[in-house]
Amino acid sequence: MEEANQSVVSEFIFLGLCDSWDLQAFLLVAFSSLYLITILGNVFIVLLVIADLHLHSPMYFLLANLSFSDLCFSSVTTPKLITDFLKENKTISFRGCMCQMFFGHFFGGGEMVLLVMMAYDRYVAICKPLHYSSIMNTKMCIQLVTTSWIIGFVHSISQLAIITQLPFCGPRKLDSFFCDIPLVIKLVCMDTYILEVLTNANSGVLATVCFILLLISYSYILLTVCHQSKGGASKALSTCTAHITVVMLFFGPCIFIYLCPLSITWVDKFLAVFYGIITPLLNPVIYTLRNKEIRNAIKRL
C-alpha cells in the first residue's frame with residue numbers, strides 16, 4: 001500500500017511559517033543560531049557528564065540522556081525548516097514525511113517518559129535517601145532509560161503503521177513547516193474522524209499520563225521534605241524548580257496541540273516552534289546554570 005500511496009502522492013508541500021521573504025530571512029538567521037546553540041549546548045552536557053567523574057551519578061546519567069534526546073528531537077524538523085527558508089517551493093517526499101513523523105514521536109514520546117524517570121530519581125533521592133544507592137544502581141538506571149526509548153518506539157510505530165496504509169490520492173499541502181500526524185491525516189482520501197480521535201488520543205493520553213505522574217511525584221517530594229525540616233519548602237523548591245520548569249515547557253504545548261478541540265493555525269505553528277526548537281534549547285540552560293555541580297564541573301575543565 002505504501003508503494004501505491006507514493007505512486008499517487010510522491011511528496012507534500014509545506015506552506016511554512018510565513019509568506020514574507022524579509023521575515024523568512026530574519027527567521028533563517030534566528031533559527032540557525034538557535035539550532036547551533038542547541039546542538040553545542042546539549043553535546044557539551046553529554047561530553048561533560050562522560051568526562052567528569054564527579055558527575056557519574058544516576059541524576060546526571062539521566063540528564064545526559066535528556067540532552068541526547070533533545071539533540072535528536074530538535075534535529076528531526078529544524079534543519080529542514082532552516083533550509084526551506086531558502087526555497088520558494090517547500091516540499092518533502094512521502095518517505096521523508098513518514099520519517100519525520102516517526103522520529104518526532106519516537107524522540108518526543110521517549111523524552112516524556114524520561115522526564116518521569118528523572119522525577120522518580122529525585123523522589124528516591126529526597127524521600128528515601130538511605131536507600132538511594134541501592135535502588136538507583138547502574139542496572140536500574142539503564143532499565144529506566146531503556147524503558148523510555150521502548151515506550152517512545154511503541155508509541156511512534158503504532159501510529160505510523162496505520163498512517164502508511166492510508167490512501168493519499170489528492171491534497172498535498174500542509175499548513176505547517178513539518179509533518180505531524182494530525183495534519184497529514186487530514187489529507188487522506190477517506191473519512192478520518194475516528195482516526196483523528198484515536199491518533200490524537202494516543203499522543204494526548206501519553207502526554208497527560210506522564211504529566212499527571214510528574215505532578216504527583218513532585219507534590220509528594222515537596223510534602224515529604226516540608227515535614228522533615230523547617231527549611232524543607234525552600235530546599236524542595238530549589239531541588240525541583242528546574243525539573244518542574246522543563247516539565248511545564250515540554251508538556252504544555254504538547255497537551256494543547258493534541259487534546260485541544262480547536263485548531264488555530266498560527267497558535268499551532270507557534271507552539272510547534274516552541275516545542276520543537278525553543279524547548280530543546282532551554283533544557284540544558286535550565287538544568288546547567290542552576291546546578292552547582294555542573295558549574296563546578298565546568299570550572300574544573
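How many helices and how many strands are there in the protein? Then please zoom in on L17: where is L17 found, and with which residues is L17 in contact, its neighbours within four places in sequence left aside?

A: Start with the whole. This is a predicted model. The protein has eleven helices and three strands. Read from the N terminus, the order is α-β-α-α-β-α-α-α-β-α-α-α-α-α. The radius of gyration is 21 Å, close to the 19 Å that the globule rule gives for 301 residues, so the protein is as compact as a globular protein of that length. Along the principal axes, the C-alpha atoms fill a box of roughly 65 × 40 × 30 Å.

Next, look at cover and contacts. Of the 301 residues, 50% are buried. The exposed surface comes to about 14,700 Å². Carbon and sulfur atoms supply 70% of that surface. Now take the contacts with a separation of 6 or more: 79% of them join residues 24 or more positions apart. Charge comes next. There are 18 positive and 17 negative side chains. The centres of these two sets lie 14 Å apart.

The unreviewed UniProt entry carries the annotation "transmembrane region" for several spans, among them 25-50, 62-82, 102-120 and 141-163. Two of these spans can be checked against the model. Residues 102-120 are 100% helix and 0% strand, and their end C-alpha atoms lie 27 Å apart. Residues 141-163 are also 100% helix and 0% strand. Their end C-alpha atoms lie 34 Å apart.

Now zoom in on L17. This residue is found in the loop between β1 (11-14) and α2. Is L17 buried, or is it partly exposed? Its relative accessible area is 22%. Buried means under 20%, and exposed means over 50%. L17 falls in between, so it counts as partly exposed.

Which residues does L17 touch? Leave aside its neighbours within four places in sequence. L17 is then in contact with L27, F31, L81, F85, F177, K269 and V273. Take L81 from that list. L17 and L81 are 64 residues apart in sequence. In space, their C-alpha atoms are 9.1 Å apart.

Move on along the chain to Q24. Q24 is found in helix α2, which covers residues 21-51. Its relative accessibility is 3%, so Q24 counts as buried. Beyond its neighbours within four places, Q24 is in contact with C18, D19, D84, F85 and K90. F85 links the two views: F85 is in contact with L17, and F85 is in contact with Q24.

For contrast, take two pairs elsewhere in the chain. V205 is found in helix α8 (residues 193-228). With a relative accessible area of 47%, V205 is partly exposed. V205 and R122 are 83 residues apart in sequence and 24 Å apart in space, C-alpha to C-alpha. V285 is in helix α10 (residues 265-289). At 36% relative accessibility, V285 counts as partly exposed. V285 and L213 are 72 residues apart in sequence, and their C-alpha atoms are 24 Å apart in space.

Q24 in helix α2 is buried.

Key: Residues are numbered from 1 along each chain as its sequence is written. This is a predicted model: local features need pLDDT of at least 70, side-chain atom pairs count only at pLDDT 80 or more; totals for chains, interfaces and linings use all residues. Side-chain values use heavy atoms; hydrogens and water are left out. Helices (H or I, at least four residues) and strands (E, at least two) are DSSP runs, numbered from the N terminus. The radius of gyration is taken over C-alpha atoms; the globule rule is 2.2 Å times the number of residues to the power 0.38. Buried means under 20% relative accessible area, exposed over 50%, partly exposed in between (1.4 Å probe, protein chains only). Contact means heavy atoms within 4.5 Å. Accessible areas come from the Shrake-Rupley method with a 1.4 Å probe; for residues, only the protein chains shown count as cover. Lys and Arg count as positive and Asp and Glu as negative; His and the chain ends are not counted. The place of a charge is taken as NZ of Lys, CZ of Arg, CG of Asp or CD of Glu. UniProt positions are given in the numbering used here, feature names are shortened, and annotations may be inferred rather than shown by experiment.
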